Amino acid sequence: MLPWKRVLRPLAALLLTAAVAVVPAATARASGASGSGWNDYTCKPSAAHPRPVVLVHGTLGNSVDNWLGLAPYLESRGYCVYSLDYGQLPGVPLFHGLGPIDKSAGQLAVFVDKVLAATGAAQADLVGHSQGGMMPRYYLKFLGGAAKVNALVGIAPDNHGTDLDGLTRLLPYFPGAEDLLKATTPGLADQITGSAFLTALNAGGDTVPGVRYAVIATRYDEVVTPWRTQYLSGSGVRNVLLQDLCPLDLSEHLAIGLSDRIAFHEVANALDPAHATATTCASALS
C-alpha cells in the first residue's frame with residue numbers, strides 16, 4: 001500500500017488547501033469581493049491598461065479562492081479583472097478544473113467573448129495558475145483565441161504535464177487505476193505527462209504567432225514536476241524562475257499563485273512590459 005500513499009499524498013495536500021480556502025472564500029462572497037473590484041462588468045479599461053485581465057484558476061480551484069491575492073493586487077493597479085469557473089463536475093461544488101480540458105477551453109472561449117463584449121476591448125490578457133496557465137493554450141491554438149488574446153501569463157503551469165515526482169509512473173502497476181482516473185476526473189488524467197491531450201496540444205510547437213507568453217516557475221514546485229517542464233519554447237516567450245528573482249523565496253506550487261507578491265510583481269511586468277520594473281525580494285513589500 002505504500003506506493004498508493006505516495007501517490008495520494010500530493011493530491012490530499014491540494015484538497016486540504018482547497019478546503020481551507022473555503023472559509024475565506026465564503027467571507028469574500030458575503031462581502032461582495034468578487035462583485036466589486038473584480039468581475040465588475042461596468043469596468044472600462046484605461047489608456048494605461050487597455051486590456052481586461054482574465055484569471056484562470058487551477059485544478060481544484062475556483063474563480064474566487066484562487067484569486068483572493070492576485071485579483072485585488074491587479075485591480076488596485078488599475079486593471080479591469082475577471083475570473084471564471086470552469087471544468088465543473090456534476091455534484092462537486094467549489095472544486096473545479098476536473099472536467100476534460102478541451103471542454104474547459106471552450107468555457108474559457110465563451111467567457112473571454114463575454115468580457116470583451118462588456119469592456120469593448122479588442123483583446124484580453126490571460127493569467128492562469130497551474131492547469132489555468134496551460135489550458136488557455138488549447139483555446140489559443142484550436143479555438144480561435146489567438147486573435148482575441150494579447151498575452152498569456154502562466155504561474156506554475158503544467159505546460160508539458162506532470163509526473164508528480166515520478167509517482168504517476170506507478171499507475172500502470174495498479175490495474176484499472178488509470179482508466180478510473182480518466183473516467184472520474186478527466187481533467188487530472190489530461191495533465192499526466194504523455195497524455196493524449198498534451199501530445200496533441202504540444203504537437204507542432206508550444207506557441208502560436210501573435211501572442212506573448214510568460215511562465216513564472218518555482219524550483220520548489222512539488223505538483224508540476226520536473227519544474228523545468230513548465231517552460232515554453234518559441235518566439236515571444238519569457239521563462240522566469242522565481243528564485244532567480246529572489247533566492248530567498250521558498251514558495252511552492254500553491255503559494256506562488258495564491259499569495260506570493262514577488263510572483264505577482266512579475267505578473268504585472270508581463271502584462272505591461274513597457275513599464276516593467278525590476279522584480280526582487282523587495283517586491284514582496286510592493
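Predicted model: local features only at pLDDT ≥ 70, side-chain atom pairs only at ≥ 80, totals over all residues.
Residues are numbered from 1 along each chain as its sequence is written, and side-chain values use heavy atoms, with hydrogens and water left out.

Let's begin with the cysteines. A disulfide is a covalent bond between the sulfur atoms of two cysteines; here it is called whenever two cysteine sulfur atoms lie within 2.5 Å. The structure has 2 disulfides. Count the bonded cysteines in sequence order and the pairing reads 1-2, 3-4.

Cys43 and Cys80 make one of these bonds, with an S to S distance of 2.0 Å. The pair links distant parts of the chain, 37 residues apart: Cys43 sits in the loop between helix H1 (2–31) and strand E1 (53–56), and Cys80 in the loop between helix H2 (70–75) and strand E2 (81–84). (Helices are DSSP runs of H or I with at least four residues, strands are runs of E with at least two, and both are numbered from the N terminus.) The torsion about the S-S bond of Cys43 and Cys80 is about -80°, so this disulfide is left-handed.

How covered are the two ends? Buried means under 20% relative accessible area, exposed means over 50%, and partly exposed is in between (1.4 Å probe, protein chains only). Cys43 is partly exposed at 21%, while Cys80 is buried at 1%.

Now for Cys246 and Cys281, also joined with an S to S distance of 2.0 Å. Cys246 is in the loop between helix H9 (242–245) and helix H10 (253–258), and Cys281 is in the segment after helix H11 (261–271), so the bond ties together parts 35 residues apart in sequence. With a torsion of about 100°, this disulfide is right-handed. Cys246 is buried at 3%, and Cys281 is partly exposed at 30%.

Helix H11 itself is mostly covered, with 10 of its 11 residues buried; among them are Phe264, His265 and Glu266. At the start of H11, a side-chain oxygen of Asp260 comes within 2.8 Å of the backbone nitrogen of Ile262.

Finally, look at strand E2, where you'll find Leu84. Leu84 is buried, at 4% relative accessible area. Beyond its neighbours within four places in sequence, Leu84 is in contact (heavy atoms within 4.5 Å) with residues including Val54, Leu55, Gln107 and Phe111. The C-alpha atoms of Leu84 and Val112 are separated by 9.4 Å, and the two residues are 28 apart along the chain.

Definitions and conventions:
Polar contact = N/O pair within 3.5 Å; in protein donor to acceptor, adjacent residues only side chain to side chain.
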